[in-house]
Amino acid sequence: MEFLRFLLRRVLWSLLVLVGLSMVIFIIARAVPGDPARMALGPTATQEQVADLQKKLGLDRPIVEQYGLFVVGLAHGDLGRSLLTERPVNDDIRDTFAATLELVLATIFIAVVCGVPLGVVAAYWKDRWPDNAVRLVAIFSAVTPSFFLALLLQILAGYVLHILPTTGRLPPNFDFAPGYTGLVLVDSIIAGRPDAFLEGLRYLLLPAISLAAATMGQMARITRSSMIDVSSQDYIEASRAFGVPEWVRVCKYMLRPSFVPPLTILGLEFASLIGNAFVVELVFAWPGMAAYGIRTILQKDLNAVMGVVMVSGVFFVLVNLVIDLLVGLVDPRVRIRGSRQ
Amino acid sequence: MSDALLSVRDLSVEFTTYGRTQPVLHGVSLDVPARSHVALVGESGSGKTVTMKSIMGLLHMPPASISSGAILYDGRDLLTMPRRERLKLTGTDMSMVFQDPMSSLNPVFTIADQMSTILKYADRRLGRSRSRRERMQRVLEVLAQVRMREPERVARSYPIMLSGGMRQRVLIAMALLSEPRLLIADEPGTALDVTTQAQILKLLKDLVEERGLALLMITHNLGVVRETSDYVYVMHKGVVVEEAPTAELFAAPKVAYTRALIDAVPRLTGARPAERTEAAP
Amino acid sequence: MSDELALPEDAPRLSSAYQSWYRFSRNPTAMIGLVIVVACVLAALLAPWITPYPDHVGAVVNFRARHLPPSADYWFGTDNVGRDIFTRVIFGFRVSLLLAVVVLGTAIPIGTVLGLTAGYFGGWVEIVIMRLTDIALAIPPLVMALAVAAVLSPDLVNSMLAIAALWWTWHTRLIYSITRQLRTREFVEAAETLGASKFHILFREILPNCVSAIAVKTSLDCGFVILVGASLSFLGLGIQPPTPDLGTMVASGSAFLPDYWWESVLPGCAILFVALGFNLLGDGLRDLYDVENVR
């Protein structure tokens, strides 16, 4: 029950974070020296056109009322209309979000599945060559800009080896479009299309690796230090005294208590992962929300930009709620005490 | 006394840290005959914990290394026997009660999980087999033996749900799982309040006497020595400075250091000792 | 463990200076990091005097020398208008380092003061400050900089302000967690009992205990700020051409992949190099100061 209360508290805090986030975004968007409608329409538009758009978007009302409308819209899941296309921002984001979601999920999967075992290996052979090797990999993956890694992978896999496609999400004119979930890998399984699954995977691989590298390095690093921390605990010494075999000690008794810090970091650094997704999507022409965001930013489409930032924030908050839940599952202390400390 | 159950012969251990080698045990010898209750007493840093870890095979090597000596158990040298053979003894026939009930249990697994895992691998090393159910039964049985009132509930619990005293009993139960002949106790209960510690020591003493186990009590507390042992070894700076039957030691300590230790025990009655002896240099 | 390492009293004690020196000398990565950082800073400062073609910083065009591969004359080759890439990379360090200095120079004081305040005073002050950091954490710095660039104009100053406006959160969290641990320590309580001012307690008692953590964090952050800055200029939102900027160079060079690979790969390596230096140095300092939880 403490755990439920803990989760409830986290949900409430998350809502508060979202309210704060909406304010920050609104302030930035309205801090424009100049008129959003004018900016969107460009210098050639007539005064009437600008006034028209202002009215349509509610820009002529008092600022507090505008914020009120913005929040009411958000609460209904309505992000307003694009200043340029006048299409609902929702529709644009819905079309692009699934691609980003698929990329980010694949990234987290790669980062955790590679990073955590690397950290375990490094901790187990602390200060010996596997540890040094992992530290080297972790440092290099942390300091390689993801757009640069993306370019390098494109050159290597795309131009030199010709083994993987370098742009897009599926081959051009491919007779499969993701439906139910919007995720190619999931929808292709539902639709019973192994060929589409394989194609989707081939296209996903390079962007996901480029994006995962930094997080993977971080996971390896944190897992390592967390494992080393736990390995000096009395209970590990005790299990050794009772003759519990080494692999059980490492993979069960040490790994599970070590799992909370990497999970926490994954949540905290998720924002910078989304940030990197912006560049990676651009390099690989991945049809995601980030690519949409950049396009709208360059076109100074403020409503769309606000929508993109807000959705990134919601994404961040949701991922962190899932992580809270996972932390509770991994560590009974959180469940029983109802707090992270 | 080579017929002792456990016999440490002339054990020397050294540590290498920051590129320098430092001896920490200088030829320690001690005997624990079967069914006897022996105490090893010394202040922190005296080498008693290193001795205990050497016996249990818990030294991390490196930085530690055993430079000379032998540890005989049942007449066989633990240090030269094959690893497999040694693992058949440690944690099963010679077992250990850990010191700190707060930190010696894994916080993220249930008591039942931790105990039955220990049992499972102890069985495996000894070439026995038991079903999950039988293991669970044994766990509950042992929990009941350490006077746990609701063994089922305790088994289902995570350590954080239990009091310090209960956790300490769980640690004792863990040591008893595989019916040991020798129990090494590392200052059990020091982390607990005095009343609970007294209960734990009483329980330990009762269990050891009921089953005719040999006990090696490692402690810095002479009160505990008097309560639980018949024979004492006093350690100081990696050397056994004095050994004697408990009663004799308290009546007539031979070494200045032992006298200092005895004088350091707080008394509730009587005047301070007239002549305080300074600790040995 | 503590018992294992306890030495007899008469054993020669190892001085802490000796231990530090021993650990530093056994940590070649820290030394490599230090050398890289010093080299990059010096190169950036002395750029006009040490680069072979200092005039290539501007909008020089030399079509006869365009797209030349790396050679003795042009170490990193030339770009699509015939400018020496090596020269431009060295000048590019200036922008990267300036970005790091400005962002961290703003973020660290703010983050430190807020962290000290939240950690020491607790109560509603703590709630307000820490919830603010939660909000700021939810915004990717890169996206924030993009949004600000969209609203204002895409240039370096705006990008720096946008990044700095979010970066303090990490320092606040770090200092906050240290302060919370120190708040109840004897030396703080002693100062309180003696009637020391809050200012004295925060900045004279607690802050000095955060210095090693701040040093490690700063070194690591320099690398990460440079990476974010490079991503921004890769997207065209950094300092505007023709001023050399590493991210911009990677972006414009990528148009000529894979044939003229050096035009994007070598500036990319330069970003990696400087970020690597700061990271190795931070890692080394972390080992030295034993502040394992600083990232």
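A residue counts as buried if 20 or more other C-beta atoms lie within 10 Å of its own, with C-beta atoms placed from the backbone. Keep that cut-off at hand for the exercises below, and remember that this is a predicted model.

**Exercise 1.** Decide whether C:Ile135 is buried or exposed, and find which residues of chain A it touches.

*Solution.* Start with the location: C:Ile135 sits in helix H6 of chain C, residues 123-137. Next, count neighbours. C:Ile135 has 20 C-beta neighbours inside 10 Å, so it counts as buried. Then list the contacts, leaving out residues up to four places away in sequence: C:Ile135 touches A:Val17, A:Gly20, A:Leu21 and A:Val24.

**Exercise 2.** Find which residues touch the most other members of the largest nonpolar core, and follow C:Val225 to its contacts.

*Solution.* The core has 271 residues, and B:Ile184, C:Ala147 and C:Val225 touch the most other members. Helix H5 of chain C (residues 85-121) gives the largest share, 18 residues. Setting aside residues up to four places away in sequence, C:Val225 touches C:Leu99, C:Ala100, C:Val103, C:Leu104, C:Ile163 and C:Trp167.

**Exercise 3.** Take two spans of chain A from the UniProt annotation "transmembrane region", 137-161 and 259-284, and work out what their secondary structure is.

*Solution.* The annotation comes from an unreviewed entry, and these two spans are among those it covers in chain A. Residues 137-161 are 88% helix and 0% strand, with end C-alpha atoms 23 Å apart. Residues 259-284 are likewise 88% helix and 0% strand, and here the end C-alpha atoms are 33 Å apart.

**Exercise 4.** Work out in which sense strands E1 and E2 of chain B pair, and which residue in the turn has a positive phi.

*Solution.* E1 (residues 6-17) and E2 (residues 20-32) pair in the antiparallel sense over 9 bridges. One bridge joins B:Thr16 to B:Thr21 in E2. The strands form a hairpin with 2 residues between them, and B:Tyr18 in the turn has a positive phi of about 50°.

Terms used. Residues numbered from 1 in each chain as written. Chains lettered and ligands numbered in written order. Predicted model: local features only at pLDDT ≥ 70, side-chain atom pairs only at ≥ 80, totals over all residues. Core = buried A, V, L, I, M, F, W, Y, C linked by C-beta atoms within 7 Å. Buried ≥ 20, exposed ≤ 12 C-beta atoms within 10 Å, placed from the backbone. Helix = DSSP H or I, 4+ residues; strand = E, 2+ residues; numbered from the N terminus. Contact = placed C-beta atoms within 7 Å. UniProt positions renumbered as here; feature names shortened; annotations may be inferred. Pairing = 2+ DSSP bridges.
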